[in-house]
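Open the model in your viewer and keep the selection tool ready. We will go stop by stop.

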Amino acid sequence: EGTKTNFPKNFLWGASSSAFQIEGGWAEGGKGITVADVNSFKRSEIQADSKVASDFYHHWEEDIRLMKEMGMQIYRFSISWARIIPDGDGEVNQAGIDFYHKIIDCLLEQGIQPFITLYHFDLPYALVKKYNGWESRECVMAFERYASVCLKAFGDKVTYWQVHNEQNLMVRVNERVNITADDAWEADRQRAQMDYHMFLAHALAVKACHSIIPDGNIGPAVSSTCTYPESNKPEDVWAARMNDWFKTDYCLDMHYYGRYPGYYMRYLEERKIVPVMEPEDEEILKDAKMDFIALNYYRTLCVRYLPTDEGHPAGERAFPINEVDFDQYGYFHHIKNEHLASSEYGAQIDPLGLRTVLNSYYQKYHLPLIVTENGLGAADTLTEDGKVHDEYRISYLREHIKAISQAIEDGVSVMGYSPWSFMDLLSSHEGFRKRYGFVYVNRDDHDLKDMSRIKKDSYFWYKRVIETNGDEL
Ligand code: BG6
C-alpha cells in the first residue's frame, strides 16, 4: 500500500469484546441477570439475545487459541459484574471469580495481556430493583466494592484496567441505564444524577487500582467522535463545537480535573438538574489520576445549528428529549455529511476524524491514548466455500490504522490499537446479523446452527499487520 508507518516497537495490537455480547451462559455459574440481558430479552422476538451470544462461556479455549494464532498482544474484554456479585452488592460468587481466572491464565499462557473493562453496559439488574441503579449513591458503593474484589482477585496477573465503557454514551441511552420516566425533565434529572455517580465510581475505582496494584494502569474508555459544521456559518461551527463538548469533552474534563466545565454546569443549572453532591466528593474526584485515556471510535457527525426556540412548543426552553444523535440539547440537528461514505448501518466512515480526535485529546491532556474499539458493522455472508470475504472491513481498518500512524507522526502518544471485535458478537442493539469480528461465528439471530468459528479474510490480513508491526497494510 506504499504508506510507511511508524508504530513503536512496544505498540500493543489487540482486539476487543464485552461480556454480555460474547459470553452467553447468562444464567450459568451463578451469574445474576443484568440490565443488558433484560434489554436484549425485550427484543428477542426480532433478534438474538444475550442468552447464548457467541457462547464464549463454553468456547473460550478454542477462542483464545484463535487469538494467539492471529498474534494478538492484548485482549480487551469485560468482566460481568453479575458473575462476580450476582445481585450487585451481596455475596461474592466464587464460580465467577474462577471463570475469569481460567480466562486470564489461558491468555497469559498464550502470551496475551488481558486489558480488562470492569463495566460494559451490564449493570446487575438487582441494583435497578433495589436502588434504581446509578441514581442512588448505594450503587457507587456497590461498584467500588465490586471493583476492589476484581482488582484484588486478578491484580497480580492483570495490570491494564478500564473502568466504565463509554459512560458518556451509556448515560444518554435510556435503556442502558434503565431510565423509564416518561417525563423528559425527570429523565434528564435522573440521567444527570446517574452520570455524576458514575464519575464518582470511576474515581473510586482509579484510587482502588492504584492502592491495590502497584504497577496498575487504569483509565476510562470514552465514546469518541468529532463533529463537523454543515457550513462555515459561525452558528453552525458553534453547534459542532458544542456537540463535541456535550458528548465527550465534558466527560474527559470531569475525569481529568474532577469538575464539570463551565458550559456543562450552565446546562445543568438552566435545566435545573444539578446532581446531588456530597462535600467529600470534591477531593475524591480531584485525586483520582487516570493513567491513560482509551477511546472507542467509529464515525464522525455533522450538525446544523438549531435556534433554541425552533421546532419546540412555544415558550418551552429548548432542552428536549435527550437522544444520542438527534437534536441534542436543542442546539443542533444532526445531518448527513455528503463528503463521507456510510456503512450499511449508517455510520459515516471517516479515518481522518480519528487523527483529529487523537490529536485533540493528546494536546489537551498529554496522557497516553489507546484505541479500544474501532470497526465496521456489516451483515457478512458466509460463501459456499466456507469463507467470509470482508474486503470492506479490511479497507476500513487499514485507513484507520494509517490515521493512527499519522497521529503518531504528529507527536501523539498512542499505546495500542484494539479494534472491535475479535469475533462476531451480539450488537449492542441490532442482534447478531450486524457483525464486526475477525472471526465469523456460525449462527443467525434465531438459528444457533453449529456455532463454529470461521476465520474471515480480515483475520489473515490483521495477522499480517500485527506480524509486521503495521508496516504491511
Ligand atoms: C460501542 C460499544 O459503542 O459500539 C459496543 O462499546 C458496541 O458495545 C459497539 O457493540 C458497536 O455498536 P453496535 O450497536 O453496532 O453493536
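Start with α16, residues 457-467. Its buried residues pack against α3 (56-70), α15 (391-409), β12 (439-441) and β13 (453-455). Contact here means that two C-beta atoms, placed from the backbone, lie within 7 Å. Helices (H or I, at least four residues) and strands (E, at least two) are DSSP runs, numbered from the N terminus.

Two notes before moving on. Residues are numbered from 1 along each chain as its sequence is written. This is a predicted model: local features need pLDDT of at least 70, side-chain atom pairs count only at pLDDT 80 or more, and totals for chains, interfaces and linings use all residues.

**Stop 1: the helix**

Which residues of α16 are buried? Select S458, Y459, Y462 and V465. A residue is buried if 20 or more other C-beta atoms lie within 10 Å of its own, exposed if 12 or fewer, and partly exposed in between; the C-beta atoms are placed from the backbone. Now look down the axis of α16: its buried residues fall within an arc of 120 degrees, so they line one face of the helix. The arc is that of the directions from the helix axis to the C-beta atoms. An α-helix has 3.6 residues a turn, so residues three or four places apart point the same way. Next, select N469, which follows α16 and has a positive phi, near 50 degrees.

**Stop 2: strand β3**

Select residues 113-119. In β3, 7 of the 7 residues are buried, so the strand is largely enclosed by the rest of the structure. Two strands pair if DSSP finds at least two bridges between them. Find I74, opposite Q113 in β3.

**Stop 3: strand β8**

Select residues 301-305. In β8, 4 of the 5 residues are buried, so this strand is largely enclosed by the rest of the structure. Strand β6 (residues 227-229) runs parallel to β8, with 3 bridges. Look for Y228 opposite C302. Strand β9 (residues 332-334) runs antiparallel to β8, also with 3 bridges. Y305 faces F332 there.

**Stop 4: the ligand**

Which residues come nearest to the ligand? Of the 15 around it, they are N165, E166, G377, S427 and S428. Being near means that the C-beta atom, placed from the backbone, lies within 6 Å.
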